[in-house]
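Let's take a walk through a protein model together, with the picture close at hand.

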Amino acid sequence: MNRYITTLLILMLSITVYGQRGPRFFMKGPQELPSELVEELQFDDTEKKKVNKAFMKFQEDVMTMIMLAREEGEVDRDEMKKESDKLKLKHLEKVKDLLDDQKYEQYKTFVLMEMREQQQYILELKLKLTPDQKDKYDAITTSSKATFTQLREQFEGDREGMREAMQKVQKQQMMMLSSVLTEEQMSIYKESMQQRRGRRQ
């Protein structure tokens with residue numbers, strides 16, 4: 001009982017601190033399924049309601065796990081990932097009977113993605129790329145990702161040098177994307193990038 005009360009107090013404190021320190025410190029709280037994902041998987045109202053409830057419970061479990069780990073001292077990232085993966089599998093077991101096989105496999109693929117991959121996937125759904133755009137978009141983003149990896153290795157220990165080099169690559173990437181995407185799509189893309197930067201601050 002005491003452990004439950006302590007966990008609850010820590011969770012409440014973390015949400016308060018979140019308001020002061022921003023999203024990088026802690027997620028805002030359980031979020032509903034992205035509407036783009038619901039639309040892509042063609043969930044009906046019943047599926048959406050039930051899976052969304054399970055999805056939010058899964059996020060609560062992850063938040064509680066993080067808070068308990070912090071309460072116990074230094075956080076072991078590898079151990080946290082293992083625990084998070086266990087919670088993902090537990091969540092998927094809960095929703096397996098709520099969806100047909102095809103929807104379940106698509107949903108499972110999304111849940112098992114890393115957070116950055118999920119963000120990229122949802123962004124692509126928002127952009128509603130044509131097949132031709134998708135090919136060009138993938139080529140540009142894959143090339144940029146490889147360049148970012150090289151820069152991290154090249155400028156290891158030189159944060160300022162790496163930041164300047166990455167800004168140049170990002171600017172070039174935006175120019176290339178602007179020749180592939182429509183104005184509306186570019187607006188969606190830029191807004192998504194700003195939101196990501198906001199979460200990291």
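Is the crossing of H6 and H7 left-handed or right-handed? Before answering, remember that this is a predicted model. Now find helix H6, residues 115-127, and helix H7, residues 131-154. Their axes come within 12 Å and cross at roughly 145°. The answer to our question is that H6 and H7 make a right-handed crossing. On the H6 side, the contact is made by Gln-120, Leu-123, Glu-124 and Leu-127, while H7 brings Lys-134, Tyr-137 and Asp-138. Sorted by class, the residues of this contact of H6 with H7 are three nonpolar, one polar and three charged.

Two packed helices are described by the angle between their axes and the distance between the axes.

The crossing of H3 with H4 is right-handed.

Now for some empty space. Rolling a probe the size of a water molecule over the atoms shows where empty space is left. How many cavities of 30 Å³ or more does a search of the whole structure find? The search finds one. The largest cavity has a volume of about 40 Å³. Its lining consists of Ala-54, Lys-57, Phe-58, Asp-61, Leu-87, Lys-90, His-91 and Lys-94. H3 and H4 are the elements that give two or more residues to this lining. By class, the lining of the largest cavity holds three nonpolar, one polar and four charged residues.

Finally, follow H4 to its other partner in this tour, helix H5 (residues 101-111). H4 and H5 pack at an angle of about 160°, with axes 11 Å apart, and therefore they are roughly antiparallel to each other. Their crossing is right-handed. Lys-88, His-91, Leu-92 and Val-95 of H4 make the contact with Tyr-104, Tyr-107, Lys-108 and Val-111 of H5. The residues of this contact of H4 with H5 divide into five nonpolar, one polar and two charged.

How values were computed. Residues numbered from 1 in each chain as written. Predicted model: local features only at pLDDT ≥ 70, side-chain atom pairs only at ≥ 80, totals over all residues. Heavy atoms only, no water. Left-handed = near helix turned anticlockwise from the far one by under 90°. Helix = DSSP H or I, 4+ residues; strand = E, 2+ residues; numbered from the N terminus. 1 Å grid on protein atoms, 1.4 Å probe; cavity = no way out; pocket = protein on both sides within 12 Å on 5 of 7 lines; lining within 4 Å. Points joined across faces, edges and corners; volume = space filled by probe spheres on them. Nonpolar A, V, L, I, M, F, W, Y, C, P; charged D, E, K, R; others polar. Axes fitted to C-alpha atoms, helices over the stretch in contact; angles between N-to-C directions. Parallel < 35°, antiparallel > 145°, perpendicular 65-115°, else oblique. Contact = heavy atoms within 4.5 Å.
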